[in-house]
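Here is a walk through one model, with attention to charged pairs and to one helix. Have the structure open as you read.

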Amino acid sequence: MASGFGNKLVIAISSRALFNLDASHQVFVKDGLEAYSRYQIEHEDELLEPGDAFPVVQKLLRLNENLPGDPKVEVILLSRNSADTGLRVFNSIEHYQLNITRAAFCSGLSPYRYAAAFGCHLFLSTEAEDVRSALEHGIAAATLMAPKHRTEHNNQLRFAFDGDAVLFSDEAEQIFKRQGLSAFTESEKAAAKTPLSGGPFKSFLDALHKLQAEYADADNCPIRTALVTARSAPAHERVIRTLRAWKVRIDESLFLGGLPKGEFLKAYDADVFFDDQLAHIDSASEHVATGHVPHGIANSPEYNQAGKS
């Protein structure tokens, strides 16, 4: 962790995830960086519309109003803009009264390298390349995708996670992909009492758990977590024992046995769901915001070149 942040939950967000920058991005794609810079400066007094991550960021920052003492959540802007073209972004941050004061503007380069320097627990971006780079350097990261049908029913902040290759390593998933369901089931039964290794989102889940513990009344905690996994019995036991060994609380656990996840995530009312497999993302994104975690065997050249994805 970077010095000065203590035990804060630190989230990094890209400017295109926080705000809708589609129009200016098209200028960049079509006419290049110089035209993009002119466009942003000419429109810097025009407010940006909220982006895919805006509702989650609002809820995250609202947590600071619920606990006494110093703020417990920090949101940091990591942007490919320059500081000059990023003025429009900060003008919009001020308008929407988002308490975001720290930023890194990288003038076209990937800003992922500053996620570790800031001590971030999570990096959300719309740039898949930046997300992969962050994951490779040990930062929980996801490519954010908007839901096709956005609904908001409550003020609680609800995260949902896939298990293998997200919360846990992909050690078990490798067996499933290479040897099939029967081999996977037998392997998990044999290793039921052996905790799984942590995946890229373990540290983020741990930080959420510590923040939840700040609330004396667990029933009224504004943060809720769920495990939504394709596993079913008897492969459930190793998962339960792993979380117990980590001493981490998960509020809800759904063992779906391969069923599509979308309707269950809609019922849970997730703010964002993290999964490593695009097939699950497609189902989930019908109803909730999703974060693709390009990690593990399902995203490896070995698996994709074999035509199994």
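R16 and E127 form a salt bridge through their side chains, with 3.1 Å from N to O. The term means a side-chain nitrogen of Lys or Arg within 4 Å of a carboxyl oxygen of Asp or Glu. R16 sits in helix α1 (residues 15–18) and E127 in the loop between β4 and α7, so the pair ties together parts 111 residues apart in sequence. Helices (H or I, at least four residues) and strands (E, at least two) are DSSP runs, numbered from the N terminus.

The model is predicted: local features need pLDDT of at least 70, side-chain atom pairs count only at pLDDT 80 or more, and totals for chains, interfaces and linings use all residues. Residues are numbered from 1 along each chain as its sequence is written, and side-chain values use heavy atoms, without hydrogens and water.

R16 is partly exposed, at 26% relative accessible area. E127 is partly exposed too, at 23%. Here buried means under 20% relative accessible area, exposed over 50%, and partly exposed in between (1.4 Å probe, protein chains only).

Now follow the chain into α7, residues 128–136. Its buried residues are D130, V131, S133, A134 and L135. They pack against β4 (122–125), β5 (141–145) and β10 (289–292). Contact means heavy atoms within 4.5 Å. Just after α7, G138 has a positive phi of about 85°.

Elsewhere, K210 and D206 form a salt bridge at 3.3 Å, N to O. They are 4 residues apart in helix α10 (residues 202–212), about one helical turn. K210 is exposed, at 54%, whereas D206 is partly exposed, at 22%.

Salt bridges also link D164, E171, E188, R231 and R238 in a network. The whole structure holds 18 salt bridges.
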